Amino acid sequence: MKDNPSSDSTNTTCPNCGTELKTSDNYCSECGQQNRSLQVGFWSLTKEFLSNNFNFDTKLGRTISALLLHPGTLTKDFNSGKRAQFVRPLQMYFFVSFVFFLLLGLTPDEPLIGDPSNMNTIELKTDSLLEIQVTDQASVLHMGDLFRNIDPKDMDSVDSLLTELGVIPDGISRELCIRALRIINPEERKQMMAELHNNLSIAMFFLMLLFAALLWISVYRTNPFFFDSIIFSIHFHTVVFVLLTADILIGIVYSNEAITTLIYVLLVVYLMASLKKVYNLTWLRSFSRMILLSLTYLFSFSLVWLVVLAFSFMVF
């Protein structure tokens, strides 16, 4: 059912105290009650909620258009003082990153150990912290049963498993084995992934600031203001989350590595075009700075990812 177009109309008499009002009066002069009807339709209520809480109305369309279709334009306009017509950078970043990690958490995980009867090898993946491979078919069936049936709280069983794997039982190997066995359990794996996503979301915020610092250093002669680099970084990471969210949604319907590769290529091109637009660089200078930023940032991201992964694995 369509919303009533007159649902936001004002009253000529205050419903609270009966004072006569003009349609131009926003509030009653006697009791102070707001002069508006509360009989609003669903879409009007939704729009008002978004506007009050996120300031998302016409600003959202302008912000998304400038952010996705015109690389660097939003950043340049914002840094030049044109800010009232756009959604605030951090507001947009937190909203988009929240949607991304929400969808990421809802994405089903692949089983760590498949059906041994249909496998020639069995591999227990614990993200390189503890990796075990068995290639003999009989051993595959045996190891599959072991991993599924051992209670991580039974230290004797854990020691027996380590010994059978050729690993000397000690404090570190026991702890890694216990956590690896816990990850096999679907419920405990969900807890670990939730911990990982939470820690990664925090780490990404600090990586965003690191990217801003690296950018500031690379363009200091062109623009010495660190705040401008922060805005650039926030907008770029917002685009990163938008495209990664799109990758998740597309993957639900059609999973293809080529799409993921295309998204990474788009991010590289977007970064180069944004650098050219914001800092008035030539394509060659934009390309060189893009390469320098990408390599440095990817190296930093890899280190942070390993730290976050190890931390999440040890604390869950």
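Helices (H or I, at least four residues) and strands (E, at least two) are DSSP runs, numbered from the N terminus. By that rule the chain has 11 helices and two strands, and from the N terminus on they run α-α-α-α-β-β-α-α-α-α-α-α-α. The model is predicted, so local features need pLDDT of at least 70 and side-chain atom pairs count only at pLDDT 80 or more, while totals for chains, interfaces and linings use all residues. Residues are numbered from 1 along each chain as its sequence is written, and side-chain values use heavy atoms, with hydrogens and water left out.

**Whole chain**

- Buried residues (under 20% relative accessible area, with exposed over 50% and partly exposed in between, 1.4 Å probe, protein chains only) make up 37% of the 316 residues.
- The chain exposes about 19,000 Å², of which carbon and sulfur atoms supply 61%; accessible areas come from the Shrake-Rupley method with a 1.4 Å probe, and for residues only the protein chains shown count as cover.
- Of the contacts (heavy atoms within 4.5 Å) between residues at least 6 apart in sequence, 59% join residues at least 24 apart.

**Helix α9 against α10**

- Two packed helices are described by the angle between their axes and the distance between the axes.
- The axes of α9 (residues 226-253) and α10 (residues 257-279) come within 11 Å and cross at roughly 160 degrees; axes are lines fitted to C-alpha atoms, for helices over the stretch in contact, and angles run from 0 to 180 degrees between N-to-C directions.
- The two helices are therefore roughly antiparallel to each other, given that angles under 35 degrees count as roughly parallel, over 145 as roughly antiparallel, 65 to 115 as roughly perpendicular and the rest as oblique.
- The crossing of α9 past α10 is right-handed; a crossing is right-handed if the near helix is turned clockwise from the far one by less than a right angle, and left-handed if anticlockwise.
- Residues making the contact include Phe 232, Phe 236, Val 239 and Leu 243 of α9, and Ile 263, Leu 267, Tyr 270 and Tyr 279 of α10.
- By class, this contact has 17 nonpolar, three polar and two charged residues; Ala, Val, Leu, Ile, Met, Phe, Trp, Tyr, Cys and Pro count as nonpolar, Asp, Glu, Lys and Arg as charged, and the others, Gly among them, as polar.

**Helix α4 against α9**

- Helix α4 (residues 89-106) packs on α9 at an angle of about 25 degrees, with the axes 9 Å apart.
- That angle makes α4 roughly parallel to α9, and their crossing is left-handed.
- Among the residues that meet are Tyr 93, Val 96, Phe 100 and Leu 104 in α4, and Ile 234, Thr 238, Phe 241 and Ile 248 in α9.
- This contact divides into 17 nonpolar, five polar and no charged residues.

- Thr 222 sits in the loop between α8 (186-218) and α9 and, at 42% relative accessibility, counts as partly exposed.
- Leaving aside neighbours within four places in sequence, Thr 222 is in contact with Tyr 279 and Leu 281.
- Thr 222 and Tyr 279 are 57 residues apart in sequence and 6.8 Å apart in space, C-alpha to C-alpha.
- Asn 280, in the loop between α10 and α11 (283-315), counts as exposed at 59% relative accessibility.
- Phi of Asn 280 is near 55 degrees, a positive value in a residue other than glycine.

**Segment before α1**

- Asn 26 is found in the segment before α1 (42-54) and counts as exposed at 54% relative accessibility.
- Leaving aside neighbours within four places in sequence, Asn 26 is in contact with Gln 33, Gln 34 and Asn 35.
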